[in-house]
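User: I'd like to learn how to read features in a model. Can you take me through them one at a time?

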Amino acid sequence: MSKIDELVDLMKNKEKKEAEKPKNILLWVLAIIGAVTAIAGIAYAVYRYFTPDYLEDFEDDFDDDFDDYFEDDEEPAKE
């Protein structure tokens, strides 16, 4: 009887290992996707930190020109 019990135990262990494989594969795939996402997020944050803000300079120039345009059109009030 002990041989039969051993065979039954081996079959049960084999079934358990086969059932665990898809979970392990899914876990690895999710881990890789998470790592790639984290690296991409860090790279984007570093890029945004080191890239100068050209729009700020453009808006300053535009505001100055806009103010000058209206100052030229104004006429002094006549009393």
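User: How much of residues 25–47 is helix, and how much is strand?
Analyst: Helices (H or I, at least four residues) and strands (E, at least two) are DSSP runs, numbered from the N terminus. Residues 25–47 are 100% helix and 0% strand, with end C-alpha atoms 33 Å apart. This is a predicted model: local features need pLDDT of at least 70, side-chain atom pairs pLDDT 80 or more, while totals for chains, interfaces and linings use all residues. Residues are numbered from 1 along each chain as its sequence is written, and side-chain values use heavy atoms, without hydrogens or water.

User: Which feature does UniProt place at residues 25–47?
Analyst: UniProt positions follow the numbering used here, feature names are shortened, and annotations may be inferred rather than shown by experiment. The unreviewed entry gives "transmembrane region".

User: Is Leu26 buried or exposed?
Analyst: Buried means under 20% relative accessible area, exposed over 50%, partly exposed in between (1.4 Å probe, protein chains only). Leu26 lies in helix H1 (residues 2–50). Its relative accessible area is 52%, so Leu26 is exposed. Across the 79 residues of the protein chain, buried residues make up 0%.

User: How many aromatic pairs are there?
Analyst: Rings of Phe, Tyr and Trp (its six-membered ring) pair if their centres lie within 6.5 Å; planes under 30 degrees apart are stacked, over 60 edge-to-face, the rest tilted. The count here is 1 aromatic pair. The ring centres of Tyr49 and Phe50 are 5.1 Å apart and the planes at 80 degrees, so this pair is edge-to-face. Tyr49 is exposed at 68% relative accessibility, and Phe50 is exposed at 63%.
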